[in-house]
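Me: I would like a close look at one part of this chain, followed by its surroundings. Please keep the account plain and give the cut-offs as you go.

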Amino acid sequence: MFFTRTHSFHYQGPKEELKNKLMGKHVKIHNLDFEVLEEDNKLSIVPHAEQVNAIKTLPVTTVDMKDDNKGTKVTVTSRLRPFDSGGPMLVMIFCIFMFAASIVLLYVGNEPLITYTLLGISLFIFATFWVRMQMGYFDYVRKVKAYVKGKGESPAVSINTAAMLQA
């Protein structure tokens with residue numbers, strides 16, 4: 001819920017053309033291999049994290065393509081792997097609990113020092129957690145989305161984009 005990201009864009013060609021560009025390919029992001037698979041008439045981009053010893057929160061991305069009168073509407077949805085969802089949810093619940101406790105103590109208790117300390121700790125933990133998620137999980141989400149969108153661009157557009165980047 002908190003960690004699900006959905007992006008949509010329009011592809012000029014038919015659905016099968018984009019599917020053929022993506023199917024069976026491997027994407028390397030931060031030395032981690034992602035594979036594009038087809039299941040239930042949708043494409044899934046799943047990480048191969050069997051060789052990784054570090055703790056990483058990784059996305060599983062589904063690519064849904066629907067034919068439109070002008071081409072194909074592509075929806076890219078990234079979610080936490082069920083295996084990875086425990087840690088981030090625990091941190092979120094802990095921060096919410098500490099924040100709520102500090103708000104209750106602000107109105108009920110007579111110790112503003114404890115209240116503000118608890119509030120500061122909860123906000124610091126949440127800010128640190130969010131920055132780490134932006135550098136890790138959400139970075140993978142952004143790069144997978146850019147990969148799918150890059151495959152969906154026409155060659156003329158991608159050449160113009162490359163020329164603009166070099167200038």
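Which residues does Val 63 touch, not counting residues up to four places away in sequence?

Reply: The model is predicted, so local features need pLDDT of at least 70 and side-chain atom pairs count only at pLDDT 80 or more, while totals for chains, interfaces and linings use all residues. Residues are numbered from 1 along each chain as its sequence is written, and side-chain values use heavy atoms, with hydrogens and water left out.

With residues up to four places away in sequence set aside, Val 63 touches Lys 42, Leu 43, Ile 45, Val 74, Thr 75 and Val 148; a contact means heavy atoms within 4.5 Å. Val 63 is also one of the residues with the most contacts inside the largest nonpolar core, together with Leu 22, Phe 34, Ile 45, Val 74 and Val 148. That core has 21 residues. A nonpolar core is here a set of buried Ala, Val, Leu, Ile, Met, Phe, Trp, Tyr and Cys residues joined through side-chain atoms within 4.5 Å. Buried means under 20% relative accessible area, exposed means over 50%, and partly exposed lies in between, with a 1.4 Å probe and protein chains only.

At least two residues of this core come from each of β1 (5–11), α1 (15–22), β2 (26–29), β3 (32–39), β4 (42–48), β5 (59–68), β6 (71–80) and α4 (137–152). The most is given by α4, with four residues. Helices (H or I, at least four residues) and strands (E, at least two) are DSSP runs, numbered from the N terminus. A second, separate core has eight residues, including Leu 80, Met 92, Met 133 and Val 141. In general terms, nonpolar side chains tend to be buried together in soluble globular proteins.

Ile 45, one of the residues touched by Val 63, is found in strand β4. Ile 45 has 1% relative accessibility and counts as buried. Leaving aside neighbours within four places in sequence, Ile 45 is in contact with Phe 34, Glu 35, Val 36, Pro 59, Val 60, Thr 61, Val 63, Val 144 and Val 148. The C-alpha atoms of Ile 45 and Met 23 are separated by 9.6 Å, and the two residues are 22 apart along the chain.

Val 148, another residue touched by Val 63, is among the buried residues of α4, along with Tyr 137, Phe 138, Asp 139, Tyr 140, Val 141, Val 144, Tyr 147 and Gly 152. The helix α4 has 16 residues and reaches 23 Å from its first C-alpha to its last, close to the 22 Å expected at 1.5 Å a residue; the expected span is 1.5 Å times one less than the number of residues.

Asp 139, Arg 142 and Lys 143 are linked in a network of salt bridges, a salt bridge being a side-chain nitrogen of Lys or Arg within 4 Å of a carboxyl oxygen of Asp or Glu. The closest N and O atoms are 3.8 Å apart for Arg 142 and Asp 139, and 3.7 Å apart for Lys 143 and Asp 139. Because Arg 142 and Asp 139 are three residues apart in helix α4, about one helical turn separates them. Lys 143 and Asp 139 are four residues apart in α4, also about one turn of the helix. Asp 139 is buried at 14% relative accessible area, whereas Arg 142 is partly exposed at 40% and Lys 143 is partly exposed at 37%.

By this rule the count comes to five salt bridges. One of them joins Arg 81 and Asp 84, with the closest N and O atoms 2.7 Å apart. Both Arg 81 and Asp 84 are buried.

Ile 103 lies in helix α2 and is partly exposed at 33% relative accessibility.

For the chain as a whole, there are five helices and six strands, in the pattern β-α-β-β-β-β-β-α-α-α-α along the sequence. Of its 167 residues, 32% count as buried.
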